[in-house]
Amino acid sequence: MEELVLNGESISRVPVERLTARFSLPYRPGTLEAVTWKGNTVVTKDTLVTAGAPARIELTPDRDIVKADGMDLSFVTIRLVDENGATIPADDIELSAAVEGIGLGLSALTGTIRWSPCRIPRNRML
């Protein structure tokens with residue numbers, strides 16, 4: 001059984017069929033929590049929070065050390081976040097980036113399903 005809780009109010013509980021639970025509800029900002037039940041026991045919870053205004057850009061490399069051998073590679077995840085650290089679903093915001101030192105910026109990709117050209121130093125956060 002899966003339950004949706006919106007801003008502290010239980011919206012609905014529905015059975016899970018073929019690993020899927022389907023809900024229909026209007027958009028309201030706030031906190032949306034998905035609660036998975038097995039009998040009377042909560043098995044897992046997952047929460048989404050409406051993001052506020054952009055406050056900062058967070059860059060997270062996939063490793064702490066990159067070898068300076070000309071062959072090593074690091075993927076850096078870039079997130080636009082609000083003051084509480086909630087990820088802002090970027091709405092076609094252009095981002096400029098630069099790499100300083102001996103490293104190279106080779107490509108930039110977005111997480112969107114829309115096609116976007118890969119280019120450094122500018123790309124769109126979609």
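Q: Hi! Which residues are linked in a network of salt bridges here?
A: Hello! R56, E58 and R79 are joined in a network of salt bridges. Keep in mind as we go that this is a predicted model.

Q: How far apart are the closest N and O atoms of R79 and E58?
A: They are 2.7 Å apart in that salt bridge. The pair links distant parts of the chain, as R79 is in strand β6 and E58 in strand β5, 21 residues apart.

Q: And what about E58 and R56, what's the N to O distance there?
A: For the side chains of E58 and R56, the salt bridge has an N to O distance of 3.3 Å.

Q: Why does E58 count as partly exposed?
A: Because its relative accessible area is 23%, and the partly exposed class lies between the buried limit of 20% and the exposed limit of 50%. R56 is also partly exposed, with 36%, and R79 is partly exposed with 27%.

Q: OK, how many salt bridges does the count come to?
A: The count comes to 6. One of them joins R63 and D72, with the closest N and O atoms 3.4 Å apart.

Q: Are R63 and D72 buried or partly exposed?
A: R63 is partly exposed at 33% relative accessibility, and D72 is partly exposed at 30%.

Q: Changing topic: which residues form the nonpolar patch on the surface?
A: That patch is made of I57, L59, V76 and I78, and together they have about 340 Å² of accessible area. Strands β5 (56–61) and β6 (76–81) are the elements that each give two or more residues to the patch.

Q: Take L59, where is it found, and why is it called exposed?
A: L59 is found in strand β5. It counts as exposed because its relative accessibility is 56%.

Q: How many aromatic pairs does a search of the whole structure find?
A: The search finds 0 aromatic pairs.

Q: So what lies over the face of W37?
A: R13 does, at 4.1 Å from the ring centre of W37.

Q: Last topic, backbone angles. What is phi of N7 near?
A: Phi of N7 is near 50 degrees, a positive value in a residue other than glycine. N7 is in the loop between β1 (2–6) and β2 (9–14), and is partly exposed, with a relative accessible area of 42%.

Q: And R18, what's its phi, and where does it sit?
A: Phi of R18 is near 55 degrees, a positive value in a residue other than glycine. R18 is in the loop between β2 and β3 (31–38), and counts as exposed at 81% relative accessibility.

Note on methods
Residues are numbered from 1 along each chain as its sequence is written. This is a predicted model: local features need pLDDT of at least 70, side-chain atom pairs count only at pLDDT 80 or more; totals for chains, interfaces and linings use all residues. Side-chain values use heavy atoms; hydrogens and water are left out. Patches are made of residues with over 30% relative accessible area and no salt bridge: like charges are joined within 9 Å, nonpolar side chains (Val, Leu, Ile, Met, Phe, Trp, Tyr) within 5 Å. Accessible areas come from the Shrake-Rupley method with a 1.4 Å probe; for residues, only the protein chains shown count as cover. A salt bridge is a side-chain nitrogen of Lys or Arg within 4 Å of a carboxyl oxygen of Asp or Glu. Helices (H or I, at least four residues) and strands (E, at least two) are DSSP runs, numbered from the N terminus. Buried means under 20% relative accessible area, exposed over 50%, partly exposed in between (1.4 Å probe, protein chains only). Rings of Phe, Tyr and Trp (its six-membered ring) pair if their centres lie within 6.5 Å; planes under 30 degrees apart count as stacked, over 60 as edge-to-face and the rest as tilted. A charge sits over a ring if NZ of Lys or CZ of Arg is within 6 Å of the ring centre and within 35 degrees of the ring normal.
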